[in-house]
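User: I have a structure here that I have not looked at before. Can we walk through it together?

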Amino acid sequence: MASKQFTALAIFAIVLPAMAMAIEFTVGDDQGWTINFDYEAWAKDKVFHVGDKLVFKYTAGRHNVFKVNGTAFTNYTIPPANEALTTGNDVITLATPGRKWYICGVNDHCANYGQKLAITVLEAWVSPASALSTPAATAPSTSAAPAPSTPTAPAPSTPAAPAPSYAYGISVSGYQLLMAAMVAVAFLVV
């Protein structure tokens, strides 16, 4: 019986970390980074998270990649040449959440041939184990009397990024968790 329990635990140890792994996206899939490709449609149904990687594949010398801001993206402003990625197999790790913009700086590839990509990067995936230990789940204070409250002016209203949804990571990985549990139970029964 101990051997079966060890096998079940080994399966969980393998499956749970795999659910939190980053994804590597080849920009443009089989077409790669090229002209006359709809990168907006390519990105539309994809979900990018912190830690994921974008791989720009192209023939070196025919294209390049610039990471730009929203204004440069909209205005097709090409940064200085020394900021270009030029290997033909450029890998960019998405390090922070928010909007990200990429363009090709060769000739008019961005402005006239659609060689540009805009994406939104979400917070990193959250595994079920780390979701259970979020700061929101801390124990309440045990002080004897509440601190006196004084009226304060309301905080200025500024737009803020929404808090990360820890339930999202759990619901996305629910299928894998269910499958791992079923396999573990099957090993225990056999």
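User: Where does Glu123 lie?
Analyst: Glu123 is in the loop between strand E7 (116-122) and helix H5 (128-131). The model is a predicted one.

User: Is Glu123 buried, exposed or partly exposed?
Analyst: Glu123 counts as partly exposed, since its relative accessibility is 41%.

User: And how far is Glu123 from Thr96?
Analyst: Their C-alpha atoms are separated by 7.5 Å, and the two residues are 27 apart along the chain.

User: Let me step back. How many helices and strands does the protein chain have?
Analyst: The protein chain has six helices and seven strands. Starting at the N terminus, the order of the elements is α-β-α-β-β-β-α-β-β-α-β-α-α.

User: What share of the residues is buried?
Analyst: Of the 190 residues in the protein chain, 27% are buried. The chain exposes about 12300 Å², and 62% of that comes from carbon and sulfur atoms.

User: What about contacts between residues at least 6 apart in sequence?
Analyst: Of those contacts in the protein chain, 75% join residues at least 24 apart.

User: On to the aromatics. How many aromatic pairs are there?
Analyst: The count is six aromatic pairs. One of them is Trp33 with Phe56, an edge-to-face pair with 4.9 Å from centre to centre and 85° between the planes.

User: Why does that pair tie together parts that are 23 residues apart in sequence?
Analyst: Because Trp33 lies in the loop between strand E1 (24-26) and helix H2 (39-44), while Phe56 lies in strand E3 (residues 53-57). Trp33 and Phe56 are both buried.

User: Which parts of the chain does the pair link?
Analyst: Phe56 is in strand E3 and Tyr102 is in strand E6 (residues 98-103), so the pair links distant parts of the chain, 46 residues apart. Tyr102 is buried, as is Phe56.

User: Which residues form the aromatic cluster?
Analyst: Trp33, Phe37, Tyr39, Phe56 and Tyr102 form one aromatic cluster.

User: What does Tyr113 touch?
Analyst: Leaving out residues up to four places away in sequence, Tyr113 touches Ile35, Asn36, Phe37 and Asp108. Phe37 is also in the aromatic cluster.

User: Where is Tyr113, and is it buried, exposed or partly exposed?
Analyst: Tyr113 is in helix H4 (residues 109-113). Its relative accessible area is 33%, so Tyr113 is partly exposed.

User: New topic: Asp90. Which strand is it in?
Analyst: Asp90 lies in strand E5 (residues 89-93).

User: What is the nearest side chain of opposite charge to Asp90?
Analyst: That is Lys57, 12 Å away. Asp90 is buried yet has no salt bridge.

User: What does Asp90 touch, then?
Analyst: Not counting residues up to four places away in sequence, Asp90 touches Leu54, Val55, Phe56, Tyr58, Val65 and Leu85. The side chains of Asp90 and Thr87 are also joined by a polar contact of 2.4 Å.

User: Is Thr87 buried or exposed?
Analyst: Thr87 counts as exposed because its relative accessibility is 55%, and the cut-off for exposed is over 50%. Thr87 is found in the loop between H3 and E5.

User: Which residues does Thr87 touch?
Analyst: Thr87 touches Tyr58 and Ala60, with residues up to four places away in sequence left out. Thr87 and Lys57 are 8.6 Å apart in space, C-alpha to C-alpha, and 30 residues apart in sequence.

User: Last one. What is the phi of Asp29 and of Tyr76?
Analyst: Asp29 has a positive phi of about 50° although it is not a glycine. Tyr76, not a glycine either, has a positive phi of about 55°.

User: Where are they?
Analyst: Asp29 lies in the loop between E1 and H2, and Tyr76 in the loop between helix H3 (70-75) and E5. Asp29 is partly exposed, at 41% relative accessible area. Tyr76 is partly exposed at 33%.

Definitions and conventions: Residues are numbered from 1 along each chain as its sequence is written. This is a predicted model: local features need pLDDT of at least 70, side-chain atom pairs count only at pLDDT 80 or more; totals for chains, interfaces and linings use all residues. Side-chain values use heavy atoms; hydrogens and water are left out. Helices (H or I, at least four residues) and strands (E, at least two) are DSSP runs, numbered from the N terminus. Buried means under 20% relative accessible area, exposed over 50%, partly exposed in between (1.4 Å probe, protein chains only). Contact means heavy atoms within 4.5 Å. Accessible areas come from the Shrake-Rupley method with a 1.4 Å probe; for residues, only the protein chains shown count as cover. Rings of Phe, Tyr and Trp (its six-membered ring) pair if their centres lie within 6.5 Å; planes under 30 degrees apart count as stacked, over 60 as edge-to-face and the rest as tilted. Lys and Arg count as positive and Asp and Glu as negative; His and the chain ends are not counted. A salt bridge is a side-chain nitrogen of Lys or Arg within 4 Å of a carboxyl oxygen of Asp or Glu. A polar contact is a pair of N or O atoms within 3.5 Å; within protein, one must be able to donate a hydrogen and the other to accept it, and residues adjacent in sequence count only if both atoms are side-chain atoms.
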